Amino acid sequence: MLAAPRPDTPDLLLAEALRLLPGMPPGRAAVTRRALPYIVPARHLVGKGGQVLLRIPTSRPEARQLDGTVLAYAADRVADGEPPQGRGTAGPAAGAAAGVMVQLIGTAKVAEPSDAERTAFGLPGGGRLPEQALYLRLTPRFAAVCHGYAGA
C-alpha cells in the first residue's frame, strides 16, 4: 500500500522531490504509445532549473514520438532490512519502513545530453558498450513525495 502524499503545497513538494531525487536509484517512466500506457526503466540526472534528464534504453524508432508528451517518472528507495514490527500500536512508526518514493509529472522533450551529462550517467553493466538510449528532458510541474514507503 502506498503512503499518502504529504499535504504540502505543490511548490514545496516539487522542491523536496528534486532535492531527494539525486540520491535515488534508477526509476520508471510512465509513457503512452498509441494512447496506451506503458512503463519503461529510466535513469535520471537533476539539472539546473529543476529539469530532469532521463535516459531510457531503447532500440525502437517510435520512441522519438515521446517528444512533447506528458510523462510521469517515479523512483523509490525502500529501507534495508525488515520494517519494524509494531506491537499493536498505531501511527507512522508502527510497521512502517523508512523508505521514500518520489513521483514527478511534466512535459518531456527529446534532448541531446552534454558530454558531462553522458559521463554522469556512466556506462551500464560495469563498462560494456552502452545500449541505444533515448534522452528526455523532463520539466516537472507536479510532484508527490511518499515517506515511509515500504515497496509494492
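Tutor: Start with helix α1, residues 10-20. Axes here are lines fitted to C-alpha atoms, for helices over the stretch in contact, and angles run from 0 to 180 degrees between N-to-C directions. Contact means heavy atoms within 4.5 Å. Helices (H or I, at least four residues) and strands (E, at least two) are DSSP runs, numbered from the N terminus.

A word on the source: this is a predicted model, where local features need pLDDT of at least 70, side-chain atom pairs count only at pLDDT 80 or more, and totals for chains, interfaces and linings use all residues. Residues are numbered from 1 along each chain as its sequence is written, and side-chain values use heavy atoms, with hydrogens and water left out.

Now the strands. Six of them close into an antiparallel barrel, in the order β1-β2-β3-β6-β5-β4. From one strand to the next, the twist averages 40°. Two strands pair if DSSP finds at least two bridges between them. Take β1 (residues 27-33) and β4 (residues 70-77): they run antiparallel, and three bridges join them. There, A29 stands opposite Y73 in β4.

Step back to the whole chain. It holds two helices and six strands. From the N terminus, the elements run α-β-β-β-β-β-α-β. Of the 152 residues, 34% are buried (under 20% relative accessible area, with exposed over 50% and partly exposed in between; 1.4 Å probe, protein chains only).
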